[in-house]
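User: I am new to this one. Could you walk me through some of its local features?
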Amino acid sequence: MTLAYEEAIGSLHALDPAWPRPAVLDALEAPENRHLLDFVQEDPFGAHVFPGNVPGSPSEFLRDLDLQLASSGPIHLWSYIPTCAYRCRFCQYPVVLVKGKPEVAYEKAKLWVDLNIAEARLWLEAVPHLAGAEVGEFNVFGGTPSLLPEPEIRRLLEFYRAEFGFTADTTIRFEGDPSTFTPAKLELLRELGCTKLSSGVQSFDDHVLELCGREHSAEMCVDFVRNARSLGFEWVSIDLMYGLLDQSLDSVRRDLDVVLENEVTAVVCTKLHLASYSDTRTGVTGEKPAAWQLPSYRDKLVRDGHRWPTLGEQYQMRELLTDGLRAAGYTEHPTMYFARAGLGPEKWKAIMVDQDKQEAEVAIGLGGSSSCRASEAITDVNSRRYIETVSDGRIPLGSATRFTPEAQEARAVKMALTTLQPLRDSLHASRFPGRSLFAEPWLGKFRSLAARGLVELRPDDGVVELTRAGEVVVEAIITTEL
């Protein structure tokens, strides 16, 4: 064994003895799954962006998108507002700090609404079928869009509702920091038709939050959930992270207890990622590393008496969360997205990745990730260059790739697997005539996974389904094997 592999195995087996051994360890410690252990040990981000396999251009992507929108179903539309009051120590996303005197902060925030609306108009001009495309779900993500002043929130939402294909079935979702979701802003969002809220709580442990650089408290997180529920928002979602500095199994257990006590609608459970998203281009990353990505800083934290959870403890945390949520009636669809019984899946995710949908995604704003079946593109993450490009009247797409026909099929299978729902051969054949999940090249791949206990093949039913262990490592499977 190499030293790196020995270290990975050692970290995998370093467990908190007070908590059960995670079932997935049987798969990850098997020699035939060494590549899966390498993947999770290196800690890349998986399955958010599905990059193409051949070079493309922004103009090709826009043509591909327009062609698909001429006949496709509801799309996922999102507006990325990069404003933040501070930068978290784990954050890799492209953000723009908005702080200072109130009038200065207001003007900075207003600028990014101006830019977002200006870019949206450029998309509408360049993609003729976009204005008429039905919007299934519209998300205002960030960054911290809840940081925007109330008049700017109103201006942004009213613009999108007027200019894009919103229908009676369109849902509007708004993301923010718990401390900025004031009662007044919550009232405004309800007035403007928002029914869904999402907040990066990350933890209900004040010590863990402080080390992350978060400037909100656990009490503020609970207040946000309770205020949103009291105002009648039908969907209140929070993000929880595991693997954070000084985080323990007991701390994660308390996080789960708070979620269940407050009947949170949905929970996204995310592993801390310290490797750069740009390494695999499976996520959108900013121009500089997060503070915690710097080895010298991480080493200093350890010298100062802090501790990073081992890989084994991280899987104990994951299993604690997933088993606890399932026992409370939550369902997982897609991977690590849990919703209360009968309320899932996440609509915007389902539009993008469910096997019977996989529709287009249009992301407007700094670092947005957009895709259609033939190609995908990422908007520029350099804020200065982004401003110059939009001001010059051009869509600021920074990169684009295309999919060969074989890659389109592979992408469809990968996205469908992330839903954790059974893959149905009939749906696959309807989209890719003459192709089958039970013929090559898929049959050999799935037989290998089945032999290792990661999928179940049911040819009589025309179904391929992940096992419980396969669900846990699905991102590693689709990145390293498919």
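This is a predicted model: local features need pLDDT of at least 70, side-chain atom pairs count only at pLDDT 80 or more; totals for chains, interfaces and linings use all residues.

User: Which residues gather in the patch of negative charge on the surface?

Analyst: The patch consists of D206, E210, E219 and D223. Helices α8 (206-212) and α9 (218-230) are the elements that each give two or more residues to this negative patch.

User: And E210, is that one buried or exposed?

Analyst: E210, which belongs to helix α8, is exposed because its relative accessible area of 58% is over the 50% cut-off.

User: Changing topic: where does S199 lie, and is it buried or exposed?

Analyst: S199 is part of strand β7, which covers residues 196-202. With a relative accessible area of 0%, S199 is buried.

User: What is S199 in contact with, leaving aside neighbours within four places in sequence?

Analyst: On that basis, the contacts of S199 are G176, D177, P178, F181, F224, S237, I238 and D239.

User: Now the backbone. Which peptide bonds are cis?

Analyst: One of them runs from G142 to G143, with omega near 20°; G143 sits in the loop between β5 (135-142) and α6 (150-163). Another joins G344 to P345, with omega near 0°, and P345 is in the loop between β11 (337-339) and α13 (347-353).

User: Which residues other than glycine have a positive phi?

Analyst: Among them are E263, with phi near 50°, and Q358, with phi of about 55°. E263 is in the loop between α10 (249-261) and β9 (266-271), while Q358 is in the loop between α13 and β12 (361-364).

Terms used
Residues are numbered from 1 along each chain as its sequence is written. Side-chain values use heavy atoms; hydrogens and water are left out. Patches are made of residues with over 30% relative accessible area and no salt bridge: like charges are joined within 9 Å, nonpolar side chains (Val, Leu, Ile, Met, Phe, Trp, Tyr) within 5 Å. Accessible areas come from the Shrake-Rupley method with a 1.4 Å probe; for residues, only the protein chains shown count as cover. A salt bridge is a side-chain nitrogen of Lys or Arg within 4 Å of a carboxyl oxygen of Asp or Glu. Lys and Arg count as positive and Asp and Glu as negative; His and the chain ends are not counted. The place of a charge is taken as NZ of Lys, CZ of Arg, CG of Asp or CD of Glu. Helices (H or I, at least four residues) and strands (E, at least two) are DSSP runs, numbered from the N terminus. Buried means under 20% relative accessible area, exposed over 50%, partly exposed in between (1.4 Å probe, protein chains only). Contact means heavy atoms within 4.5 Å.
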